[in-house]
Amino acid sequence: MKESLTPQLLKEKLPRFLQKCAQTFETDRRYANDLRYLRVWLQLMDFVDDPRAVLRTMEANRIGMKKSVYYQAYALYYEKVKKFEEADRIYHLGVQK
């Protein structure tokens, strides 16, 4: 999609495309730990007002929870909002998994 659209059109269309893709397969266990699907969710976080809501949805549906990049993204969110103890907890949780 990125290669076929102009930057302006991509900026307009990509958030909705990511949201629709994420929602379509949200409860499909086959994709829960597929890195391609996980990337969709992580990219979606860049376009929403509340990235924590995206992370909670991922957690509730166990999306990406077997992949280190999930824990990195979660911890990075906490770092951005200056909750360093929570970030550290998430990093440790990721290492344990």
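The model is predicted, so local features need pLDDT of at least 70 and side-chain atom pairs pLDDT 80 or more, while totals for chains, interfaces and linings use all residues. Residues are numbered from 1 along each chain as its sequence is written, and side-chain values use heavy atoms, without hydrogens and water.

**Exercise 1.** Decide whether Lys97 is buried or exposed.

*Solution.* Recall the cut-offs: buried is under 20% relative accessible area, exposed over 50%, partly exposed in between (1.4 Å probe, protein chains only). Lys97 has a relative accessible area of 60%, so Lys97 is exposed.

**Exercise 2.** Classify the ring pair of Tyr37 and Trp41.

*Solution.* Rings of Phe, Tyr and Trp (its six-membered ring) pair if their centres lie within 6.5 Å; planes under 30 degrees apart are stacked, over 60 edge-to-face, the rest tilted. A search of the whole structure gives eight aromatic pairs. In the pair of Tyr37 and Trp41, the centres are 6.1 Å apart and the planes at 90°: edge-to-face. Now place the two residues. They are four residues apart in helix α2 (residues 35-44), so about one helical turn separates Tyr37 and Trp41. Both Tyr37 and Trp41 are buried.

**Exercise 3.** Classify the pair of Tyr77 and Tyr78.

*Solution.* The ring centres of Tyr77 and Tyr78 are 5.3 Å apart, and the planes stand at 55°, so this pair is tilted. Tyr77 and Tyr78 are both buried. Ring pairs also link them into a cluster with Tyr70, Tyr71 and Tyr74.

Terms used. Helices (H or I, at least four residues) and strands (E, at least two) are DSSP runs, numbered from the N terminus.
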